[in-house]
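Subject: Structure for you to look at

Hi,

Here is the structure I promised to pass on. Have a look at it first, and then read my notes below.

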Number of protein chains: 2
Amino acid sequence: MKDKFYKYIQQLQDTITSKLEEIDCKAKFQEDLWQRPEGGGGRTRVIQNGNVFEKGGVNISAVHGILPKSMQSYFNVGEVDFFACGLSLVLHPINPFVPTVHANWRYFEMYDKKGKIIDSWFGGGQDLTPYYLFEEDVKHFHQVCKMACDKHNPNFYEEYKKKCDDYFYNSHRGEARGVGGLFFDYCKATEDFSMQQWYDFVTEVGNSFLEAYVSIVERRKSIEYSQENKDWQEIRRGRYVEFNLVHDKGTLFGLKTNGRIESILMSLPPHVQWVYDHHPEKGSEEEKLLEVLKNPEDWI
Amino acid sequence: MKDKFYKYIQQLQDTITSKLEEIDCKAKFQEDLWQRPEGGGGRTRVIQNGNVFEKGGVNISAVHGILPKSMQSYFNVGEVDFFACGLSLVLHPINPFVPTVHANWRYFEMYDKKGKIIDSWFGGGQDLTPYYLFEEDVKHFHQVCKMACDKHNPNFYEEYKKKCDDYFYNSHRGEARGVGGLFFDYCKATEDFSMQQWYDFVTEVGNSFLEAYVSIVERRKSIEYSQENKDWQEIRRGRYVEFNLVHDKGTLFGLKTNGRIESILMSLPPHVQWVYDHHPEKGSEEEKLLEVLKNPEDWI
């Protein structure tokens with residue numbers, strides 16, 4: 001399973017980065033191969049200063065070795081071996097009317113002393129962070145998520161949509177990071193649902209990513225915008241930074257276990273503003289977005 | 001003691017904000033009074049878009065009530081009453097040759113059910129975060145810190161300088177946030193050193209702040225700078241954000257215990273950049289700063 005899934009994310013990285021370069025028409029992904037001293041490594045691909053994408057990364061990694069101490073206590077296990085691989089992407093477009101998007105699909109194994117798998121699971125999801133609300137875009141994104149889910153289980157969309165709203169939440173602000181999508185974790189084999197079935201589900205979601213996002217980019221990338229629109233985007237990106245550095249388990253885990261910093265923090269936006277006590281004008285488009293972030297909606 | 005110290009920080013806030021307005025010659029501090037639902041409140045003063053200061057805050061607060069749950073476990077005590085007051089300031093100047101500065105002086109009391117003080121201590125410090133290294137400035141800042149310390153105990157400067165280097169450290173980057181200064185905490189009465197003596201020491205440091213910082217501002221605020229200098233300042237401010245949101249106990253404590261978000265996060269810089277895998281040129285002024293941040297020096 002680990003070889004099959006790693007091969008899948010390698011191919012998916014190629015598919016996604018070549019499509020994004022085609023859309024951008026200017027910038028190319030810069031590739032960095034890196035090794036993890038304790039075992040494994042990754043292939044980081046970053047795009048900067050494009051026509052469409054201000055900054056973004058589409059990274060894969062496969063790491064293994066002794067489970068780091070902090071994860072041993074997190075999973076409540078002793079000193080065991082592990083393997084983890086995944087694809088992580090974040091795209092920050094230039095145009096404030098094009099939403100930021102994040103996605104991640106990952107697979108994890110733990111082994112006993114004899115090398116036998118004692119636990120394994122999939123996790124991941126994809127979610128959208130707009131700066132201006134186009135209901136049509138949000139509905140499209142969720143519709144694609146739901147279609148991918150429905151092929152595998154009629155309850156998945158509702159369950160993982162809610163998990164996404166709950167997870168990507170800036171509790172200190174009382175608002176969601178964005179308009180959600182899917183989030184799932186610890187997807188393990190049961191009597192009713194095998195690892196192969198989880199693999200089919202997770203790759204279905206991975207394959208749906210470009211369909212979910214690309215048409216939104218195409219629709220919004222050429223809308224004219226003002227400095228005020230750009231300022232609002234940069235202020236909202238401050239909230240994105242707050243979530244990733246204060247609440248996101250993946251980021252904090254990476255920072256505290258000697259991960260490759262530049263690959264972990266490629267998720268941070270290129271330009272960010274913090275303005276003291278900023279509030280959008282009553283009745284403005286900016287306020288309309290905030291309302292939805294404070295009260296997550298059902299989009300379907 | 002609590003009334004005496006709170007009166008002191010009220011006056012110190014006035015002294016500092018009026019001096020800073022005089023230096024800025026343009027922007028005035030905006031004052032916000034706020035109440036904490038569980039008891040107490042504060043007086044936040046923020047300056048933005050000045051001639052000299054791009055963004056800064058000089059805040060005081062005095063809060064009381066039942067010790068929040070997360071602090072009960074942090075201090076390993078049961079449900080006790082507490083009082084805490086302090087002054088916190090962060091100044092982000094426009095000119096990249098003027099360093100950012102941070103300072104904080106605080107006092108804490110805990111009570112038993114009868115209202116008797118069961119524990120009390122002072123804490124605080126002041127530290128400098130330059131974007132370009134002027135040894136003269138760093139030496140001056142540390143010299144003023146040392147003079148304030150030496151009047152009270154010959155070991156304080158060395159001890160609290162080291163604590164500052166250890167605390168304001170971005171462990172995930174392997175570099176200090178800035179060039180340090182003083183950091184002290186849990187300063188409690190002993191046989192040799194009474195609370196009154198701690199009060200005298202902490203207020204001595206508080207009184208030294210303007211002397212430590214203002215002459216640096218005056219010397220550097222009018223140096224001409226390029227867009228490259230400004231970009232470097234904004235990239236380094238990204239590291240400032242990383243420290244405050246990932247490592248700073250005070251910020252995280254505030255965010256997780258329903259503090260006033262805008263007062264806590266006034267410390268975040270106005271404009272910030274994250275550039276993937278940025279490295280300054282060999283032999284540049286930018287690299288010179290990094291060397292010092294990776295290997296904290298003795299400045300005196």
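This is a predicted model: local features need pLDDT of at least 70, side-chain atom pairs count only at pLDDT 80 or more; totals for chains, interfaces and linings use all residues.

Strand 2 and strand 3 of chain A pair in the antiparallel sense, over seven bridges. One spot to look up is A:Arg43, whose bridge partner in strand 3 of chain A is A:Ile60.

Strand 3 of chain A is mostly covered, with eleven of its 14 residues buried.

Now zoom out to the sheet. In chain A there is an open sheet of seven strands in the order 1-2-3-4-5-6-9, with antiparallel pairing. Strand 1 (30–35) and strand 9 (180–187) of chain A are at the edges and have a single partner strand each, so one side of each has no neighbour in the sheet. On average, and ignoring direction, neighbouring strands are turned by 5 degrees against each other.

Two helices of chain A to find on this sheet:

- Helix 1 (residues 2–24) packs on the sheet and touches strand 2, strand 3, strand 4 and strand 5 (100–111) of chain A. Its direction makes about 10 degrees with that of strand 4 of chain A.
- Helix 3 (residues 135–150) packs on the sheet too, touching strand 6 (117–129) and strand 9 of chain A. Its direction makes about 30 degrees with that of strand 9 of chain A.

Then there is the contact between the chains. Chain A puts in 23 residues and chain B puts in 23 residues. On the chain A side, strand 2 (40–48), helix 6 (227–247), helix 8 (261–264) and strand 10 (271–273) each supply at least two residues. Helix 6 of chain A gives the largest share of that side, four residues. By type, the chain A side divides into 14 nonpolar, four polar and five charged residues.

There is strand pairing across the two chains as well: strand 10 of chain A and strand 10 of chain B (residues 271–273) pair in the antiparallel sense over three bridges. If you want a place to start there, A:His271 has B:Gln273 as its bridge partner.

Cheers

Key. Residues are numbered from 1 along each chain as its sequence is written. Chains are lettered from A and ligands numbered from 1 in the order in which they are written. Two residues are in contact if their C-beta atoms, placed from the backbone, lie within 7 Å. Ala, Val, Leu, Ile, Met, Phe, Trp, Tyr, Cys and Pro count as nonpolar, Asp, Glu, Lys and Arg as charged, and the others, Gly among them, as polar. Two strands pair if DSSP finds at least two bridges between them. Axes are lines fitted to C-alpha atoms, for helices over the stretch in contact, and angles run from 0 to 180 degrees between N-to-C directions. A residue is buried if 20 or more other C-beta atoms lie within 10 Å of its own, exposed if 12 or fewer, and partly exposed in between; C-beta atoms are placed from the backbone.
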